[in-house]
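Dear colleague,

Please find below the structure I am handing over to you. My notes on it follow directly after.

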Amino acid sequence: MLFQPVNVGILAFVGSTDLREARRQIRIGHALFNRSQIAVSVMTASWVFHSLGGDLLVWPRVLFLAILALAVDILVNWSSILFARQVAMGAPLGEEVIGILGGQPVPFLLSYISFGLAAVLLAVVYLVAGNWALLAFMIPVLLARQVFVENSRLLDMREAIVEKSRALLTVAGKIADERREERLAVAAGLHDELLPPLYKVHLMGQVLRQDLAMGRLLNLEDDVPELLSATEQASEATQGLIRDLRHSRLGPDGLLGTIHSLIRDVETAFPGRIQLEVEDVGGSPIVQLLAYQILREALRNAVRHAHASLIQVSLSREGPDMRITVEDNGQGFDPETVDADRHFGLLLIRERVELAGGVLNVRSRIGEGTEIIARLPSETSSESN
């Protein structure tokens, strides 16, 4: 709006600034393309403005011409970018357009138009104040930077949510697969192990009934033992199925894999840092499940209530027992004043530790962080029996 197209093109090519270019994070060819397409777009917009007799002192006509020049600038700029990205990567055109708009077309376009119209006011200020108007130019530059930074942050959050949704779908798929495998295993066990002895019990019952009906009492000496044997086989098969169900795995990845998956999930929502030290501690499936639930609840409490910047999680073996530790550097609390009617976290942890026959130790003081230590036996008392 202030200078002729050729001068505008030279100024745009030389004056365009990209911090990645200064830090040598992009190639020279990429940097030259960025500068060139900016220069071409503003040259075209300047040509449209001046060819239609644009005058900064003629209002409100200048506003309509400024909007038209801005539209041309956007069209040339985006066309160049889309063409280059299509040639370089061949990504779907719709995805590229959404990427340029930052995932939010309406707010992005409104911001773009607002800054474009602000250029009219800045140009008028330049006519009045000369080079001192450059100080005023810093205002929209800083505002634009803040807008694009926030837009980039929202886009990153959107991608994180999408990634988390994918992870949840993956976990749900694994759970469904595991349940399907267990159902198939139960069905196979019922068909192969339990049905044959039960059918034999049925047949022997019919044989005994005929023996009694026909008075063949001597045959009972041979048939009754067979009935008892079939009954014992059915009982053993039933106990075996129940035992297999009780020893079902914690998950397809076991205790360690499930803990790593939990940490990855929590890290997406926790602004601080989580240190993880785990080792294979063995233990029965029931104790492993309780250990995971204890660790998960303690970790969630630390994330939600501690306001910590660092959480340390460890799972180790101490003799015949496993030791779970969750420690944070947060605000701490007084364990004696916790309202159990409103805060169930510690109560749930304590109940699960007691269910496993273990020992729980909670160390915390206001302003000095919290440390939760749970020691569990490798097997519960009921499993040992």
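Ile28 counts as exposed, at 67% relative accessibility (exposed means over 50% relative accessible area, buried under 20%, partly exposed in between; 1.4 Å probe, protein chains only). This residue lies in helix α3 (helices are DSSP runs of H or I with at least four residues, strands of E with at least two, numbered from the N terminus). Please note that this is a predicted model, in which local features need pLDDT of at least 70 and side-chain atom pairs count only at pLDDT 80 or more, while totals for chains, interfaces and linings use all residues. Residues are numbered from 1 along each chain as its sequence is written, and side-chain values use heavy atoms, without hydrogens and water.

β4 runs antiparallel to strand β5 (residues 370-377), and 6 bridges join the two (strands pair if DSSP finds at least two bridges between them). Opposite Val362 stands Ile372 in β5. Between the strands of this hairpin are 5 residues, and Gly367 takes a positive phi near 85°.

The structure holds 4 salt bridges (a side-chain nitrogen of Lys or Arg within 4 Å of a carboxyl oxygen of Asp or Glu). One of them links Arg153 and Glu150 (2.9 Å, N to O); these residues are separated by about one helical turn because they are 3 residues apart in helix α7 (residues 133-214). Glu371 forms another with Arg363, at 3.3 Å between the closest N and O atoms. Glu371 is buried, at 16% relative accessible area, while Arg363 is partly exposed, at 46%.

With kind regards
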